[in-house]
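Reader: I would like to go through this model with you piece by piece. Could we start with how its parts are named?

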Amino acid sequence: MSAYTLTHLKQLEAESIHIIREVAAEFENPVMLYSIGKDSSVMVHLALKAFYPDKPPFPLLHIDTTYKFREMIEFRENYARKNLGLDVLVYTNQEAIKAGISPFVHGSKKYTDIMKTEALKQALNKYKFDAAFGGARRDEEKSRAKERVFSFRDQFHRWDPKNQRPELWNLYNARINKGESIRVFPLSNWTELDVWQYVHLEKIPIVPLYYAAKRPVVNREGVLIMVDDERLPLNPGEKPEMRTVRFRTLGCYPLTGAVESTATTLPQIIQEMLTTKTSERKDRVIDTDQAGSMEEKKKEGYF
Amino acid sequence: MSHQSELIATDIDEYLAQHERKELLRFLTCGSVDDGKSTLIGRLFYDTKMIAIDTLEALMKDSVTHGTTGGEFDPALYTDGLKAEREQGITIDVAYRYFSTAKRKFIIADTPGHEQYTRNMATGASTCDLAIILVDARNGVVEQTKRHSFIVSLLGIKHVVVAVNKMDLMGYREDVFENIKRDYADFVARLDISDLHFIPISALKGENVVEKSSKMPWYRGESLMYLLENVYIASDRNLNDFRFPVQYVNRPHLDFRGFCGTIASGIVRVGDEITVFPSRKSSRVKRIVTMDGDLDEGFAPQAVTLTLEHEIDISRGDMICRPGNQPSFDRKFEAMVVWMSENQMVPGKEYLIKHTTKTVSGAVSTLRYRIDVNTLHRQDAPTLRLNEIGRCEFLLNEPIAFDPYRRNRATGAFIIIDRLSNNTVAAGMILDRSSSGGEHWDDQPSEELHRQVSHVTPDERKSRFGQKPATVLLTGLTGAGKTTIAYALERRLFDAGRAATVLDGQNMRLGISRDLGFTAEERSENLRRSAEVAKLMNDAGLICLAAFVAPEESVRQRVRDVIGTERFLVVHLSAPVEVCRQRDTDGHYAQADSGQLTNFPGVSAPYDVPAKPDLILPTHQWTVEQCVDAVMQLLQDRGLIT
């Protein structure tokens, strides 16, 4: 490549920074959704770059279902809040907690609806955010391939796949009426491999759960669930066993499958990813409900 | 996702080192489901091992319920996205797909072929470097093919691959392919597409898609994948005109005032003088700030933060450029517009125009004509409706800094937003407007004229001459050695069996340009005529060595536009004026000093040093032989000769 050429990662980085700055400039009250996963880590890293030497001019928001892995919460507190010094908001659907919602009793779909989708809407309403960054990528799932970078939501946070604004060049339309909002996806054009390569190149810290270690798990119909705390009800005769596993995607521990692995470094993780035969969303229990389920969720306001 | 590389298993660190430094190529696929577009994309993914097993399993399941292949694996289903669309059996929006090989990362903008979706195609095309236009070998060039080609050319895509698909259904016959090629070449000559390729393929069977086909031995070109991996795109970006639309002003504390933005075009260095629009205030670049450390120079499309030597008032929407290379700055301009809304355009109505980082209100003052995308005929029209394209005059409420889209995508593009609905209703591309007397760069040829097309194709000429045609501009001061090197180069090429010819500034003036003098306008006109001649020579398959002073960067840029970026090289002969003076045997410098020759570059007129030449020859230090070697090497590096 000649001297004035950017590598694909540097080009993606520049495009994402452009998107993040555009939002900071055009919206009154933006927020960055922070799921604590690797994509969030990359997104936060890009936000730091976009406004260096200043801090990003918006807070992070974590929707905490109370069933996140403990190491995720630790990472949020120690890294994002303490080391980076970022403003991290945490929101939980307290009413639902009071009503006794649990992934074990109500099933993954209903639980996700209430603790993630509903909680997100509540938080966005509470703080009156007019733009929310999400770390979703178009390569993750079929219905996301057509998602815009600036995705319009009506005042009920609904997404209308038939009525999306055309999006040309890098000219993003940020105009909305009061109560409406835009979801912004700065990582739209990144693939899972790009994200990992970038984490590697830029030495971006990630939650240790991504690396293989001995962890207590139970095997449920082929899905390895980590026993992260005593709330996980064990079936009769079920006994947690220590296995060397890691997570390819992070979420609520009872709904996230581990994979057996010996990858303890980033290159090993990438090596494993490149030789594996399944896509990462497979480990998320919610996706297997029905074909096009992500699309249904998005119409309801899920990210 | 599974990649094929032994390195993954044997040496992951080495693999990463290789794969973290790829180039990015965005391309568009145009065609309908019937042309086999989805099949082609499915095939590219399948053959490059980009479909994950669980995705494949889901596809197999889908193939039974939705497929058109009787339950067999239907690669087309891989690219269909939304549920409602799948049920209708059509793709109705732009979908983006990703895959990579060892050489490049690819982003595919997958757009539909149906008539009502011009807007989706324009959307997809806006960010692409290359377009694949699918033609069904059974049907040949149809109306839709022409429409796609027109939109591709309108949106400024420089590289086009016409993939003649379903060759398997036509017995892989050469005459079928050749006929389609000829029909297409006839049509496309009216459009502005500079780099055109034809490939006969079968997406279903995988012939000429990733690997070269053994079924079509008569086809001597490369496979589609080879082209995607190797087409030269680095010169597509404008690195000549520095433009920096200010996106965000960063003020963490009183001692730091940074202007954040994406470099739209050109190169910026610390210490560069700059001018800001609209204030026209000047300063110098103090720092180019990034979190990874300050840079000495920045270039498009990097996202950086600039700080300046002086405290001048700059806000979002302003444009920073160089004092010697400024954009147009006006409330009025003309543009081609693609209308994208169900609500038709209303001339005179106030819309919002978002251009770079600036949003201003303004109106279409005149709709000059509408273009029938199928015939390219211009029609008188009162309005533009959804999916219609027209040429409009705009009048904004305040001036903006812009360039013609053809020359600068980032500063020539805009979107139109409806103030009430907030919807994006149109996309626009600003046109070059004629400015001056004496020059004819922007004169529009009469509409009655039709370009006649040779039946000998560029590919045939390429094989005959064993070279790709190009124009090498040898620019430099009088006495720098342009003519000497041009003729020495011609000799070397000729002796190597190549077909080259010299176009010399003085010789031009003996003939075609004998009516012209030496004012800046007349020099410019001389160069315009020379550019047209060089273009004819290139069209004839020749390498043209053009020896001209060509002192103005803006004029050199226009020459590039005439000849085509990918076949135009700038070689700067950098001997300083003192050396040139000593070498001058004709007494030109003495005459310039005494005022007998006016507007003499280097004495009484400026010589703009090329901002980004393809090669610099220090002719005051090197021998002619060394200079010729260097140009030969350049020609080889660019794949023009072997």
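Author: Helices and strands are DSSP runs numbered from the N terminus, a helix (H or I) having at least four residues and a strand (E) at least two. The model itself is predicted.

Reader: What is its phi?

Author: The phi of A:Thr66 is near 75 degrees, which is positive although the residue is not glycine.

Reader: While we are on the backbone, which peptide bond in chain A is cis?

Author: The bond from A:Tyr52 to A:Pro53 is cis, and its omega is near 5 degrees. A:Pro53 lies in the loop of chain A between α2 (38–51) and β2 (60–63). In chain B, B:Ala300 and B:Pro301 are likewise joined by a cis bond, with omega about 0 degrees. B:Pro301 is placed in the loop from β13 (297–299) to β14 (303–308) of chain B.

Reader: Let us turn to sheets. In what order do the strands of the 5-stranded open sheet of chain B come?

Author: The order is β24-β25-β23-β26-β27, and the pairing is parallel.

Reader: Why is one side of β24 and of β27 without a neighbour there?

Author: β24 (500–504) and β27 (615–617) of chain B are at the edges and have a single partner strand each, so one side of each strand has no neighbour in the sheet. On average, neighbouring strands of this sheet are turned by 20 degrees against each other, direction ignored.

Reader: How many bridges join β23 and β25 of chain B?

Author: There are 6 bridges between β23 (residues 470–475) and β25 (residues 543–548) of chain B, and the two strands run parallel. In this pairing B:Leu473 stands opposite B:Ala546 of β25(B).

Reader: Which strands does helix α12 of chain B lie across?

Author: Helix α12 (residues 482–495) of chain B lies across β23, β24, β25, β26 (568–573) and β27 of chain B, and its direction is at about 165 degrees to β25(B). Helix α15 (residues 553–563) of chain B lies across β23 and β26 of chain B, at about 150 degrees to β26(B).

Reader: And in chain A, in which sense do β8 and β10 pair?

Author: β8 (residues 223–226) and β10 (residues 257–260) of chain A are antiparallel, with 2 bridges. A:Leu224 has A:Ala258 of β10(A) as its bridge partner. β9 (residues 241–246) of chain A pairs with β10(A) too, again antiparallel over 2 bridges; there A:Arg246 is partnered with A:Val259.

Reader: Which residues does B:Arg407 touch?

Author: Leaving out residues up to four places away, B:Arg407 touches B:Asn238, B:Asp241, B:Ser554, B:Gln557 and B:Asp561. B:Arg407 lies in the loop between β20 (389–402) and α10 (409–412) of chain B, and at 19% relative accessibility B:Arg407 counts as buried.

Reader: Finally, what average pLDDT does chain A have?

Author: The average for chain A is 89, and 90% of its residues score at least 70. Over residues 286–292 of chain A the pLDDT is below 50, and this stretch has 13 contacts in the model beyond near neighbours in sequence.

Terms used. Residues numbered from 1 in each chain as written. Chains lettered and ligands numbered in written order. Predicted model: local features only at pLDDT ≥ 70, side-chain atom pairs only at ≥ 80, totals over all residues. Heavy atoms only, no water. Buried < 20%, exposed > 50% of the residue type's maximum accessible area, 1.4 Å probe, protein only. Contact = heavy atoms within 4.5 Å. Pairing = 2+ DSSP bridges. Axes fitted to C-alpha atoms, helices over the stretch in contact; angles between N-to-C directions. pLDDT = per-residue confidence, 0-100.
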